[in-house]
Amino acid sequence: MAIDLNKWLEEAKMAPDADKCGMYLMHNGVVRGTAKAQVREGIDSDPVTGMIFSYDATMIDKVVSRAKEMPGIYYVRAELGSGKLDVGDDIMYILIGADTRPHALDAFNNLMDDIKGNCVKELEMN
């Protein structure tokens with residue numbers, strides 16, 4: 001999955017409410033070689049060699065729409081990969097345009113919680 005974040009940003013800055021945005025937050029999630037359990041919980045684990053990743057596109061649309069309704073949010077775009085991904089491959093890209101940094105960060109955190117909790121399936125491979 002190859003995304004041009006500069007092009008995304010150019011498009012966002014031309015969107016109808018771009019004049020209300022004081023910041024844009026970009027995210028590029030990638031497959032890491034360290035297991036999630038090791039990074040988050042300190043549980044010793046074998047190195048990750050890749051990931052099987054899938055998502056529910058309808059649910060992604062819903063959670064993106066919810067993020068757009070948050071205070072101070074004027075632009076949200078998300079693109080997710082799928083299938084077998086290797087270490088270093090892109091999992092997802094997100095761009096959020098907001099009036100302030102706290103609003104952008106709140107929207108990002110809520111969007112990521114929604115995506116990770118309700119929309120995707122990840123299977124790390126060792």
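## Buried face of helix α4

In this predicted model, the buried residues of helix α4 are Ala-104, Ala-107, Phe-108, Leu-111, Met-112, Asp-114, Ile-115 and Cys-119. Here, buried denotes under 20% relative accessible area, exposed over 50%, and partly exposed in between, with a 1.4 Å probe and protein chains only. Helices (H or I, at least four residues) and strands (E, at least two) are DSSP runs numbered from the N terminus. An α-helix has 3.6 residues a turn, so residues three or four places apart point the same way.

The cover over the buried residues of α4 includes β1 (23–30), β2 (50–55), α3 (57–68), β3 (73–80), β5 (90–98) and β6 (120–125). Contact means heavy atoms within 4.5 Å.

## Exposed face and length of α4

The face of α4 turned away from its buried side carries the exposed residues Asp-113 and Gly-117. Asp-113 counts as exposed because its relative accessibility is 55%.

## Helix α1

Trp-8 lies in helix α1 (residues 5–12). The buried residues of α1 are Trp-8, Leu-9 and Ala-12. Seen down the axis of α1, these residues fall within an arc of 100°, so they line one face of the helix. They pack against β1, β3 and β5, whereas Asn-6 and Glu-10 are exposed on the other side of α1.

The N-terminal end of α1 is capped by Asp-4, a side-chain oxygen of which lies 3.0 Å from the backbone nitrogen of Asn-6. A polar contact is a pair of N or O atoms within 3.5 Å; within protein, one must be able to donate a hydrogen and the other to accept it, and residues adjacent in sequence count only if both atoms are side-chain atoms.

## Trp-8 and the aromatic pair

Trp-8 counts as buried because its relative accessibility is 4%. Leaving aside neighbours within four places in sequence, Trp-8 is in contact with Ile-3, Tyr-75, Arg-77, Ala-78, Glu-79, Tyr-93, Ile-94 and Leu-95.

A search of the whole structure finds 1 aromatic pair. Trp-8 and Tyr-93 form this edge-to-face pair, with 6.3 Å centre to centre and 65° between the planes. Because Trp-8 lies in helix α1 and Tyr-93 in strand β5, the pair ties together parts that are 85 residues apart in sequence. Rings of Phe, Tyr and Trp (its six-membered ring) pair if their centres lie within 6.5 Å; planes under 30 degrees apart count as stacked, over 60 as edge-to-face and the rest as tilted.

## Cysteines

Cys-21 is buried, with a relative accessible area of 16%, and Cys-119 is buried at 5%. The count of disulfides (pairs of cysteine sulfur atoms within 2.5 Å) comes to 0.

## Basis of the values

Residues are numbered from 1 along each chain as its sequence is written, and side-chain values use heavy atoms, with hydrogens and water left out. As the model is predicted, local features need pLDDT of at least 70 and side-chain atom pairs count only at pLDDT 80 or more, whereas totals for chains, interfaces and linings use all residues.

Key: Arc of directions from axis to C-beta.
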